[in-house]
Amino acid sequence: MLRTETLDINMGPQHPATHGVLRLVLSLDGERVVDLKPDIGYLHRGVEKLAEHEDYVQIEPLTDRLDYVAAMSENLGYVGAVEKLMGIEVPPRAQAVRVALAELQRVASHLVWLGTHGLDIGAMTIFFWCFREREQILDLFEGFCGARLTYNSLRIGGLQQDLPPGWVRKCRKFLEIYPARQDQYEELLSSNRIWIKRTKGVGVLSAAEAIDLGLTGPALRGSGVSFDLRKATPYTGYEKYAFEVPVGQAGDTYDRYLIRLEEMRQSISIVRQVLDSLPEGEVRGKVPKKIKPPKGEVFHMVEGPRGIQGFYLVSDGSERPYRCHFRAPSFVNLQALKKMCVGGMVADVVAIIGTLDIVLGDCDR
Amino acid sequence: MADTPDEKPSPPSGAGGTPPPGPPPAPPRKEAAPDPLKAEVPSVALDRLRTAHAEALAEVTYHSRQVSVRIAPASLLSVLRFLRDDEACRFDLLIDLCGVDWVAPPERFEVNYHLYSIPRGHFLRLKARFGEGEAAPSATSIWSTADWFEREIFDLFGLTFAGHPDLRRILLPEDWRGHPLRKEYPLAGYPDQHLRLR
Amino acid sequence: MTTQAWIEILLIPLVKIAVVLGAVSLVVAYLTWLERKVLGFIQARLAPRRVGPSGLLQPIADGLKLLLKEDIIPAQADKLAFVLAPVVAIIPAFAAFAVIPFAGRSFQVLGFEIWPWITDLNIGILYVLSISSLGIYGIILGGWSSNSKYSLLGALRSSAQMISYEVPLGFSVIGILMLTGTASLPGIVDWQRAHGWWGFAVQPLGLFLFLVSAIAETNRVPFDLPEAESELVAGFHTEYSGMKFSFFFIAEYANMVVVSSMAVTMFFGGWLPPFPNWAGNWLNLGLDLVHPAIAGLFWFALKVFLLLFLYIWLRGTFPRYRYDQLMDLGWKWLIPLAIANVAITGVAAMLLAGPVA
């Protein structure tokens, strides 16, 4: 008999398709993946240690740089955690604007996901189209707080400042053109035979496996589990808006793709509802000058585009947290990579990394 | 204990003029006991624990309408398994597993389990304390997701987990010395471990 | 031998070769420009604009850059094979142009009759198919000699893919061969002119199979897994840089032009203008008044350009096939279809033996 050997290949940390500095050690038997060992930590910056030495307001820019593609969600979760810790109430206008910003951020993040996912599978064109729309969203963010990627513009108790004049009009214009653009994306990919062949049946996870692995977000919903924090434990006023949470059936890459597309549409609808019903009022609640939460601890979760972003704060009564832990959805979702890839082909590894939608800043912190 | 708002700054010596303004308006949740932040909230899981594992409960605290239950380390795994499988609890999702370094001996490390139940919709925080040199039991047999969480705690705190399939560093390089999230580890690290670029 | 004989046998072919090589090199270079432009338009952006008007000098700039790059040979690489591989890849690509007819009429230069092709082999199709198969060696050599796992994987995939798709490529051509009765490329175009039908009208399935197999042969999207950037960095040419890399690059584009020219010759009438019976000669836009050969060249170039545009269009639209799906497609779908095509063509030709000789 012929003696065969498995081929050990190193994918990354510099690699066009690992979405950041991720290293995978693959053992291949021909085209089949026999073993997969992720090696992370290349982007570890010690954010949790840093946070222990900064006061609560200074930590917010750190959260921007965790999941930098969805920085607004991170900001929202963090300020929500501090507000929960201190029992601060956020005025309704600030809550509504926060919802709008978070949903716009969800769309922007999913656009990055769609562009890079398509690019990895070979459809170059979708990348450029997605980023064309993303530019408009980033322009909106820039109009609001001056930054395109790392916002640091939510404050404990509300917003940094109110919406600038003309912002709502600009946002509405974007909401008008967007649905037709998304139709274009779907026309390009959703019924494309090659796309379907590359994504159907790839990276299948059952619901039980997904929950056991701790997956959250679209990765979990693709397997048929209807769990979205915005519905389960609504925060920042989400209960006021009507939207649906798409849930998949087969737990494969195609379902997760459809789910995220639908989520984008739902987010646009939420933003429209917010703008239609934007309450008047102040944008900053009653907050003490120095943020010194009482002794205690809190765990606050928000539904980010990638999954549940969790913020665990332990306060010892001083201006700096005793412990600040960030529960990163990418860190947890990446654990599922091994289960989804082993037994499949090496070409699918890239598709599965794309469908898990990982951001290494979030994973490594 | 409710915290007092920031005291007014003492006026600079020799400065005349208007007296400094009064203390800033108090945050709404201030003053007398009972502190609304520490109010007790009903918890189905806690009730079930009191019924089934009363001897394991060491301490129950509340903050911001969240329940934290401290469990004796010896019964940690059985309590976790109970919480996952019991019909009224059904905590199938381990959302987060993190460590806190309380420094004071003998039990400096606290491991926090944040559990959520998708079918029942409730949330619970479980804690357990371990000392330097002790090994915590690994929860990987209950939730697979505990794997990397425990590796991270081992990496950053140095707390080992007995029964973990592959306990090695995850975020830091394999040859790193020290455990950065311990309170005595300096923020800037140790110079001899810094990257030498010249 | 007389001077006339020397000129006819040696000088004229040499000049023709020089002209064709130069022209093809230019076409290949500007094919890269065209690709970037067309892709840019599909992707809602403006592709090269700065180097020269509308980026027209971009290929020259790229060529110059690649020429001036540092020549890196990986330390453990097999030096001879490493240097030889790009050469082995590019020579067959250009050699295939020896039999392709660019126009239909000869022209007179200094008393010599010059036909617009380098040579008219009576086994023209066979020649092209065989020569382009030799290009696979270049890829295998390149991937193996780079001493890198990625390159090896890419080379193996690529060679397996190309060998697999050689079969339907060959089969799809048999239909035309059966109908025209000749393997000489000018002969095939003559048959199309004589019968008033272009190849695609009598061999639609053959055309489809030929095009799909050709895309797979030339490693283009949706069959470009061997050089899939996102998976194997760059496949078999990962370790190549500078002129050697550009040779692989040129070889790929030259192959595209070869295959498009073949398709045009066999299925789209080569140098023939469309609708000669109805539109007469005015579609030639007066070019045939200059010289009949020029009109033929114009039509040939236009048709090749349209096919190349199709190639680029596909690249901008489709994702790429996974390797096993690619092989499935080739072996389980294209080969049976190609065989069926041959069978149907044979039967139909027999039944209609009268009008279609």
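A cavity is a set of points, on a 1 Å grid over the protein atoms alone, where a 1.4 Å probe fits but cannot get out; points are joined across faces, edges and corners, and a volume is the space filled by probe spheres set on them. The model is predicted: local features need pLDDT of at least 70 and side-chain atom pairs pLDDT 80 or more, while totals for chains, interfaces and linings use all residues. Residues are numbered from 1 along each chain as its sequence is written, and chains are lettered from A in the order in which they are written.

The second largest cavity has a volume of about 120 Å³. Its lining (residues with an atom within 4 Å of a point) includes V128(C), M162(C), F210(C) and E217(C). Two or more lining residues come from each of α4 (124-145), α5 (149-180), α8 (204-217) and α10 (242-267) of chain C; helices are DSSP runs of H or I with at least four residues, strands runs of E with at least two, numbered from the N terminus. The largest contribution, 4 residues, is that of α10(C).

In chain A, an open sheet of 3 strands has the order β1-β2-β3 with antiparallel pairing, where pairing requires at least two DSSP bridges between two strands. Its edge strands are β1 (7-11) and β3 (32-39) of chain A. Strand β2 (residues 23-29) of chain A is joined to β3(A) by 7 bridges, and L28(A) stands opposite V33(A) in β3(A).

Terms used: Side-chain values use heavy atoms; hydrogens and water are left out. On a 1 Å grid over the protein atoms alone, a cavity is a set of points where a 1.4 Å probe fits but cannot get out, and a pocket is an open set with protein on both sides within 12 Å along at least five of seven lines; lining residues have an atom within 4 Å of a point.
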